[in-house]
Amino acid sequence: SPPPSPPPSPPPLHAPELLSAAFDTTGSQLILTFDSQPTDRGEMAGVGPCALVLAAATVATIRGGGTDEPLCYWQDDSTLVVNLDYQTLLAPGSTVSLLDGAIRPALSTSPCPSPLCAVGSVTIDINFPCGGVACTQPVAVVSGSPQISACPSEVLKLDASASTGGGIKPLAYAWR
C-alpha cells in the first residue's frame, strides 16, 4: 500500500489587514474588523489601553475632550472593539490608524518590525458609519399644554426630556 500523504501545508502568513471601522448601532463602540487570518491580538489579554494597538493620533481622537485612557478589547482574533465615551471626537469620516508593528499573525514567530506586522488605516464611512446597518436615530418626544392663554404674560412651556436616541452623546436640543 502507498505511504500516507503528508498533511496539507497551512496557507502562507501575511500581515493582518485592517478592513473596516464602523460604529455599533448605539455609537458607544467602534468595531475594527481585520481579514480572516487570526491575529495575535496585539498581545492584549482582556480589556487594555487602545494605545497598545492604535496610533497616537487615533487614540487622541478617541479620547477627545476626556482624560481617561481609551480602552479596547478583542472580541475574537479578527475583531477589535473600542469603547467610546461621550467626549470622543471620533465621527463618520474619521481615519483610524494602527500602531505600526503592534499586531501580527497569531502563528507568526517573527518579532515586529517585520513584513508580517500590520500597518495601515481605514476611514469610517461617512454614509454608512454603522457598517451598513441603521444607526440609532434620535426620537423627539415633546410634551406641553395643548392650549395656551392669549394673555401676554402667559409662557409656553415645552418638555423634551422623554426624547431618546442620542447614542453615546447626550441629546441636545434648542427651541427656535
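Colleague: Which residues have the most contacts inside the largest nonpolar core?
Modeller: Leu30, Leu32, Leu54 and Val82, in a core of 26 residues. A nonpolar core here is a set of buried Ala, Val, Leu, Ile, Met, Phe, Trp, Tyr and Cys residues joined through side-chain atoms within 4.5 Å. Buried means under 20% relative accessible area, exposed over 50%, and partly exposed in between, with a 1.4 Å probe and protein chains only.

Colleague: And which elements give two or more residues to this core?
Modeller: E1, strand E2 (29–34), H1, E4 and E5. Helices (H or I, at least four residues) and strands (E, at least two) are DSSP runs, numbered from the N terminus.

Colleague: Before I go on, what sort of model is this?
Modeller: This is a predicted model: local features need pLDDT of at least 70, side-chain atom pairs count only at pLDDT 80 or more, and totals for chains, interfaces and linings use all residues. Residues are numbered from 1 along each chain as its sequence is written, and side-chain values use heavy atoms, with hydrogens and water left out.

Colleague: OK, the helix. Which residues of H1 are buried?
Modeller: Thr58, Val59 and Ile62, in a helix that runs over residues 56–63. They cover an arc of only 100° around the axis, so they sit on the same side of H1; the arc is taken from the directions from the helix axis to the C-beta atoms. Ala56 and Ala57, on the other side, are exposed.

Colleague: What do the buried ones pack against?
Modeller: Strand E5 (79–83) and strand E6 (95–97), with contact meaning heavy atoms within 4.5 Å.

Colleague: Switching to the sheet: what's the strand order?
Modeller: E1-E2-E5-E4-E3, an open sheet of five strands with antiparallel pairing. Two strands pair if DSSP finds at least two bridges between them. Strand E1 (18–23) and strand E3 (48–49) are the edges, each pairing on one side only.

Colleague: How many disulfides are there?
Modeller: Two, where a disulfide is a pair of cysteine sulfur atoms within 2.5 Å. In one of them, the sulfur atoms of Cys50 and Cys72 are 2.0 Å apart. Cys50 lies in the loop between E3 and H1 and Cys72 in strand E4, so this pair ties together parts that are 22 residues apart in sequence.
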